[in-house]
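Please open the model in your viewer, colour it by secondary structure, and keep the selection panel at hand. The tour moves from one selection to the next, with a short account of what is found at each stop.

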Amino acid sequence: MLWLNKGKRTFLQDRQLGSSLALVAGALNSAGFLSVGYYCANMTGNVSALASAFVAGKLQAALMAGAIVLCFLAGAMTCTLLMNNGRRRGQGAIYAFTILLEAILLCGLACAQLIWQPKNVPSSISPLLLSFLMGLQNATVTRVSGAVVRTTHVTGMVTDLGIELADWFSSFRQKEDAEKHRKMQQRLWLHSQIIGCFIIGSGLGVYGYTYWPTGFLFIVAGILACLSLPGIMININRDTKDASQTG
């Protein structure tokens, strides 16, 4: 399964994992922008917005941009602390639990919106929580894939794609061995597919959050739960089997 073990991953697993979560990241990034005009996965843009707003004397906008960056950082830290603790306890599905946590928090946000929307109360909680979730998710997929995949960092993915394309073009001039050429093509496909899924997810996020914001968040939370539950169930069955054998 995608989540079971960091050390036994395949290219297909990394591609499935990256593509699925890139769709989610793109969708939630669009939702964050539509809620109050900030991208919850774009830390480069938010840092620039922080600086420019501060210089222009727009302190409220600067504080919001800074808060989004800090929430992303807090999400990445939370993920790492959970993973370190889970590995010390021998929990093989700790990666799945972090994604399940993301799904639960997203459900909480959707429930909160059910309260805000009838009263037409604007809230800055949405982009802050979404930024936390993006930090949590990006750290999770970075750790589980051994830094091969990142789902919210499009700048890095486009950079990797450019490097791989240059190497691929160079391989036509300088003969490469078959195995190296195969891995090069795999990485090209991996980065291209993740970038494409992020774009598709962004489009779906604009459509879904515009016309059905609360239901859209519930749907995304359900997708995350579906991604995490198989690994959790395998881990539970394994623990139950080990306990029965020990007993």
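Predicted model: local features only at pLDDT ≥ 70, side-chain atom pairs only at ≥ 80, totals over all residues.

Select Thr80, which sits in helix H3 and counts as partly exposed, because its relative accessibility of 24% falls in the range between the under 20% that marks a buried residue and the over 50% that marks an exposed one.

Now show the whole protein as a cartoon. The secondary structure comes to eight helices and zero strands, so that a walk along the sequence gives the pattern α-α-α-α-α-α-α-α. Of the 247 residues in the protein, 42% are buried. Among the contacts with a separation of 6 or more, 74% are between residues 24 or more positions apart.

**The nonpolar core**

Hide the surface again and select Leu28, Leu106, Leu130, Leu217 and Leu224, which touch the most other members of the largest nonpolar core, a set of 51 residues. At least two residues of this core are supplied by each of helix H1 (11-36), helix H3 (59-88), helix H4 (94-119), helix H5 (125-144), helix H6 (154-173), H7 and H8. Its largest share, nine residues, comes from H5. As background to this stop, nonpolar side chains in soluble globular proteins tend to be buried together.

Centre the view on Leu217 and display what surrounds it. Not counting residues up to four places away in sequence, Leu217 touches Leu28, Leu106, Leu109, Ala110, Gln113 and Tyr209.

Ser131 itself counts as buried, because its relative accessibility is 0%.

Next, move to Asn46, which is found in helix H2 (residues 43-55) and is buried as well, its relative accessible area being 3%. Leaving aside neighbours within four places in sequence, Asn46 is in contact with Tyr38, Tyr39, Ala65, Ile68 and Val69. The side chain of Asn46 reaches the backbone oxygen of Tyr39 at 2.7 Å, while Val69, which is 23 residues from Asn46 along the chain, has its C-alpha atom separated by 6.8 Å from that of Asn46.

**The salt bridge**

The structure holds one salt bridge, and it is formed by Glu164 with Arg187, whose closest N and O atoms are 2.9 Å apart. Because Glu164 lies in helix H6 and Arg187 in helix H7, the pair ties together parts that are 23 residues apart in sequence. The two ends can be compared by their accessibility: Glu164 counts as buried at 9% relative accessibility, whereas Arg187 is partly exposed, with a relative accessible area of 35%.

**A nonpolar patch on the surface**

For the last stop, bring the surface back and select Tyr207, Tyr211, Trp212, Ile219 and Ile223, which make a nonpolar surface patch of about 640 Å². Helix H7 (178-211) and helix H8 (213-246) each supply at least two residues of this patch. Is Tyr211 buried or exposed? Tyr211, whose place is in helix H7, is exposed, because its relative accessible area of 64% is over the 50% cut-off.

How values were computed:
Residues numbered from 1 in each chain as written. Heavy atoms only, no water. Helix = DSSP H or I, 4+ residues; strand = E, 2+ residues; numbered from the N terminus. Buried < 20%, exposed > 50% of the residue type's maximum accessible area, 1.4 Å probe, protein only. Contact = heavy atoms within 4.5 Å. Patch = residues over 30% accessible without salt bridge, like charges linked within 9 Å, V, L, I, M, F, W, Y side chains within 5 Å. Areas by Shrake-Rupley, 256 points an atom, 1.4 Å probe, with all protein chains shown as cover. Salt bridge = Lys/Arg side-chain N within 4 Å of Asp/Glu carboxyl O. Polar contact = N/O pair within 3.5 Å; in protein donor to acceptor, adjacent residues only side chain to side chain. Core = buried A, V, L, I, M, F, W, Y, C linked by side-chain atoms within 4.5 Å.
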